[in-house]
Amino acid sequence: MRVCSFAAAVLGSVVIAATAGAQAGASRQGSLTGRVTDQSNGQPIASAAVVVTGGSLGAITNDSGVFSIRAVPAGSHQLRVSRVGYGPAVRSVVVVAGQVTTADFIISHVPFVLEEVVTTATGEQRTRELGNTVAKPDVAKIVDNSPITNMQDLLNSRVSGVTVIQQNGTVGSGSRVRIRGLSSASLSNDPLVYVDGIKVETSSPRLDGTVYVGGGRPSFLNDIDPDEIESMEIVKGPSAATLYGTQAANGVIRITTKRAKPGRTQWMMFDEEGYNKDVTDYPGQWYSQGTDAATPSLVRQCLPWQQVAGQCTITQLYSRNLLLDKGTTPLHSGYRSERGIQINGGSEQVRYFISGAADHEDGTLRMPQMEQDFLHLERGVSTLPGEQLNPNELQRINLRSNLSAILTNNVDVTLSSGYVNSNNRLPQTGDNLQGIIGSSLFGTANPAKASNPWGFARPAEGFADVIYRRNSRFTNSLQSNWRPWSFLAARGTIGLDYLGYQDEANNANGEGCTICDLNRQGLRTINKFVTAKYTADFGATATHQLTRRIESKTSVGVQFIKDQLDGTLNTANVFPPGITRIDAGAIKTSGEKTVESKTLGQYVEQQFGFNERVYVTGALRYDQNSAFGKQNRSATYPKISGSWVAIENGGGPRVLRWLDELRLRSAYGVSGQQPGPTDALQYLSPITTSILGVDQPAVTLAGLGNDALKPERSQEFESGFDAGFLHSRANFQFTYYNKRTTDALIQRVLPGSLGATVSRIENIGVVTNKGAEVSLNGRLVDRGSLSFDVNIEASRNANKLVDLGGLPPITGFGYQNRAGYPLFGLWWPQMQSYNDANHNGIIEPSEVKVSDSTLFGGSSVPTRTLSFSPTLTLFKRLTFSGLLDRRSGFSNLNANEWFQCVPTQNCRAINDPKASLIDQARAIAGGNGIGAYLEDASFWKLREMSLSYALPERYAARLRATSAVVRLTARNLGTWSKFGSWDPEIATQGDDAAVYNFVQLAPPRIYTVRLNLGF
Amino acid sequence: MTRTMTFARAALGATFAIAAALTIAACKADTLLQTDNPDVIDPGALNTAQGAAALYSGAIGDFALSVDGSGATGPALVEAVAWFTDEARFGGTPPEVKQMDLRAVREEADAWQEMYLDLHRAREGAERAAAALTQFNKQDPRIGEMYAVSALIHILLGESYCSGVPFSTTRPALVYGAPQTTAQTFQLAITLLDQAKTNANGDATVANLAAVLRGRALVSVAKSSTLAADLAAAAAAVSSVPTSFVYQTYHSLATDREKNFMFTDIFSADRLSVSDTEGKNGLNFGSANDPRVPTQSSGLSRFDNVTPMVRFLTYNSLSSPVVHASGIEARLIEAEAALAANDVPTWLAKLNVARATVSGLSPLTDPGTATARVDLMFRERAYWLFMTGHRLGDLRRLIRQYGRGAETVFPTGAYHKDNLTRGTDVNIVIPISERNNPNFHGCIDRNA
């Protein structure tokens, strides 16, 4: 209450003071104008930020390099200019009341800049003021030079400490984004994402029930078009995310879409065409045929160890490869295209940025020819529906309009509107009776089954179950800035991210899966959801020069966020032939889902700057949330940080003269993660029950409730330094962090004898993440026509569930959350030894030893990452770049091989007497010890290669363009790993609890060519 | 331009008006933070006769789900017992489910945590419903039925799980139960059945249900040293139950939760295949052509491509009901009591009364020896009560009450696939989730 009163008082005083003081102040003000140019060629520099230090006033240069700042108080000021790719410049100016003062700047191009302006919860700040690190990858450069098809490509391996874990190679499939490890055992570990100041939906909700595809669920993060992004900042942990409050414990990604720039209208058009191809060397199927010892006339599968045991005699070894053989392979090339246009321009007063892009991509799967032939006969038709022949396709349209207006000398507003429409057809491909990879991998080489060699449902059936996720989304925000006085800046953002999505399954009568309940009699599901995220965020910052050397900056703010999801779920089964309208189904089921949560947060932050070199910041955020229990209605998150620019412009002590810049920084902060909306409530759920054959309304206990529920608290200390050297040709950043999550919200497993629920959310755990991050940028060669840049990002993270409140481990399929071990660590009974004791070259069941209990098999997420991105530029026109990625320190379960060798018994190791002893041993041990297939999943991956060429202006002019760039790119060029199956990076279901690699389509190799034209 | 500026000014004004409103509202945060939760029912909303009826229906639904399985939760106790014993083989692949067929379930096996919880949830739900119904009409026979359902769950837990099952409660507050021995569990069931009988309120179905279950509990708790007397008490308990009596759970296609999951595992997923002389000791269910166990072979399981699939035709629909107590079971209890009393004519007569209800079953004759008579008795029980959750209790009784060796009654030795050998469990381990009960430290006894 006290905090809210304070915030109200401050905001009120802002309004009153501004109203009263506006007129009075006007007579003591002047204006500033000037031009910013490039030292090397005298050309004007657009988009440079010009700021009056010690206040809130500033401007951006137009495409003539001109800036203009009005309502500047008369007197002496420091003006500071910064721009990506240029070194900052500062100069003093004297503003005379009622006059226009001119201040021109000439700034120099430098390869790398340590200091940048970033958007924080309290507005824009220079990184030198921050005690924490904020990563700001150069999105424009990445998008220009790399094969970026979606947000996960943009985030993957760009920033140390940010790990993107992909699910599979399905077109439209999403990925998990994890920043500084896993913090929560039971809640989402996804970071928060803000676009243009408002919180947006970026989850990857499961396709559930009858819309199941077995993995590869799409992520709404990929609705954001990288081509629309102007800047992206990654706030990595609670030390930096404190003021984002509850929900921010996993870090925050802040995206700003492209802002309009004043000047003549500029057009940019692009066309990208390409194709994808699955080049994976999938394993084949083996079958050792023999005769039964007891009944010699019986032809059967005879495994080598069974022959040794005298059960049978091998007569023939067969092998085939259903995934690769012509006639049965479902793998083909897919086509990809994206076309777009961006328009940008306007006056100083009103500016606009408008863009549109259309994206189309086919996946690599097609119905195998053998299955097409089968269906032609079965259905008596000569053609098959296109969506069954090609089960994976993505079509997406992105539209955006950003309008900015300067209303008065001290007021500006920006209205950002984005629209996305996406239709994603998803194949049955994963952990699924109908999945194409499983059907093929677990098929048979038995010649007696040549007419239907598939495992589970044959592809002709699986491809008939057509699945869609379709979504339409509006993201609108209104951001305004009001600078009533030079020392006071108020800002407000209101916005709504409104997303409607629909999951669909369509399966006609007489088609589809024969082993999937009623599917064969027809299935239609339409599950419609609407999510709405409302954001209202207001703040004010007062800047005051306390003394000549000490500057004070005070910020207060209030933020309200409402998350809502409404869904209706409808399924119908058993249709007449020829129709799959939901009302035509004989059996219908329906349901409804509503989730709502609200957060109200208020904050205050105080910063002192000393001599523009030392900054100390303290802050406090106070949150109330609808999901907290009755006993804990609020949470308070503190923060303190310090930053010291020890060396600037090479002015350090003699031994450090090689250093151009050195900044030391430390930060401590706390952030939270809210429980689910109904976790605190005791409640029952409605069900129906058949009483004497008649369906009756009924209820069952569904939530035990927990009045004491409070948010999970993550406190983090980070410390490090930023160093620039070699005359700004290189910079180096190092950060150590120690994140400790207390009151961790754990799905505490309840004893079954309570007869309540499987678990209840309780604040009982402690989780730590400790690690270090390194970032190195260097221009190794810089000779005018030739430059060679290298970027290296590396990180290491040690995750541990320190305390589980003395409770037994929480177990899941192949993982445990056990005190003393990493969250979601891998646990299986494991093969302890094997020995070909009788030296017959065949491992028999008695010759392997398996542990009696489950044993720890390693972390399920990478603990060490390293990425290497070189860029070679020739003649300032031709650019080669690449991305080599290393992840290590984790394991994955090679469930593909286990399933082949044990349940299906069609792998080489179990059928071929010549297979290596270790492979035979694992196949034998796998019956009791799946952990025999736990493998080191470390890998190197050549993710990207690209070549771009900026055509000389005269050639561009022939296209009536002012600029033209051609780019050739390739993605997923190679993977090197000891992991025994394809792609160790894949985790099946796309959540932290799916810790195995099982029958997922491999990410394809993608080639594209793109032409960018500017007008 | 003017219009744009006007709009922008209006937007700015609105923005800061909202800011002011929010700031003021922050001082009344409880109002601002109120949310709708239309998906949940507050327990207080059920304090009516209709609410009590909904709790009753919920308990019946929870019971059906916990024993027969459902499309929402998967297999449950009847299937687990079938796999654990010689009734069925597992034609699927998930390794933790397979552990049940191997008689080697690990306590941490995730696949079997929820079955144990579901049984207790049905027990708690039944007792909660009994209390709620009593509030509004003490003469309601559904009160007795709820006590009987709770008793049946006690019996199933006692027959199937190791000794040491605790019975905790959340009514009205959370109280962790202490582990109960198998015998204590059956005694708890008998106490509940007393309440069921008292509250039958003249309803024949509830009275017969309570009687059959009392007989079943008394049979289970019988000691080998006093077997004849104990079984005589059981026979007396069921003597009034007509042979035609049936108490069954019903299923429906209306929701996944109401679907009989055994149909799915038999006819769709090919995971539940009727066994035939499984593991040396098993009965020939799959090949006997007995009308009580109608079967049909359909080649290899389409799931694992290894297990011969023999389908149990009684559960031939997602809405097939499952019998949990019957007059036939009453006659079987009487027959076994007669056999224990060495009254062979009555024994045969009781068995043949039951057999006479099914065409195609000829009357039985005395096999001549005591061992053969016990074998025949349990064979009859096995066929009559096939895939209803009785078989595990019977095999354990053969060990406990008739002195048979575990490896002479349970499927034993080499498993039919995956290069595996069966384990030696004779009951299902209490899952690791129970270790969150501070009073529980593992099974008291893993013997039969």
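Student: How many of the 20 residues of α3(B) are buried?

Tutor: Note before anything else that this is a predicted model. Burial is judged by counting neighbours: a residue is buried if 20 or more other C-beta atoms lie within 10 Å of its own. In α3(B), 18 of the 20 residues are buried, so the helix is mostly covered by this count.

Student: What span should helix α3 of chain B have at 1.5 Å a residue?

Tutor: The span is expected to be 1.5 Å times one less than the number of residues. Helix α3 of chain B covers residues 49-68, and therefore its 20 residues should span 28 Å. Its end C-alpha atoms are 28 Å apart, in agreement with that value.

Student: What comes just after α3(B)?

Tutor: Gly69(B) follows, with a positive phi of about 85 degrees.

Student: What share of the contacts joins residues at least 24 apart?

Tutor: Start from contacts between residues at least 6 apart in sequence. Of these, 71% in chain A join residues at least 24 apart, and 69% do in chain B.

Student: How should I read a sheet?

Tutor: Strands of a sheet pair through backbone hydrogen bonds, either parallel or antiparallel. One open sheet of chain A has five strands in the order β11-β16-β17-β14-β15, with mixed pairing. Its edge strands, β11 (134-135) and β15 (198-199) of chain A, each pair on one side only. Inside this order, strand β14 (residues 192-195) and strand β17 (residues 252-257) of chain A run parallel and are joined by four bridges. Leu192(A), for instance, has Val252(A) in β17(A) as its bridge partner.

Student: Which sheet of chain A has antiparallel pairing?

Tutor: An open sheet of four strands, in the order β40-β41-β42-β45 of chain A, is antiparallel. Two bridges link β45(A) to strand β42 (residues 825-828) of chain A. Trp827(A) has Phe856(A) in β45(A) as its bridge partner.

Student: Is Asn763(A) buried or exposed?

Tutor: Asn763(A) is buried, because 21 other C-beta atoms lie within 10 Å. This residue lies in strand β38 (residues 759-782) of chain A. Leaving aside neighbours within four places in sequence, its contacts are Leu709(A), Lys710(A), Asp743(A), Ala744(A) and Leu745(A).

Student: Where do the two chains meet, and how many residues are in contact?

Tutor: An interface is read by listing the residues of each chain that touch the other. Here 85 residues of chain A are in contact with 85 residues of chain B. On the side of chain A, strand β34 (residues 682-691) gives the largest share, ten residues. That side divides into 49 nonpolar, 31 polar and five charged residues.

Definitions and conventions
Residues are numbered from 1 along each chain as its sequence is written. Chains are lettered from A and ligands numbered from 1 in the order in which they are written. This is a predicted model: local features need pLDDT of at least 70, side-chain atom pairs count only at pLDDT 80 or more; totals for chains, interfaces and linings use all residues. Two residues are in contact if their C-beta atoms, placed from the backbone, lie within 7 Å. Ala, Val, Leu, Ile, Met, Phe, Trp, Tyr, Cys and Pro count as nonpolar, Asp, Glu, Lys and Arg as charged, and the others, Gly among them, as polar. Two strands pair if DSSP finds at least two bridges between them. A residue is buried if 20 or more other C-beta atoms lie within 10 Å of its own, exposed if 12 or fewer, and partly exposed in between; C-beta atoms are placed from the backbone.
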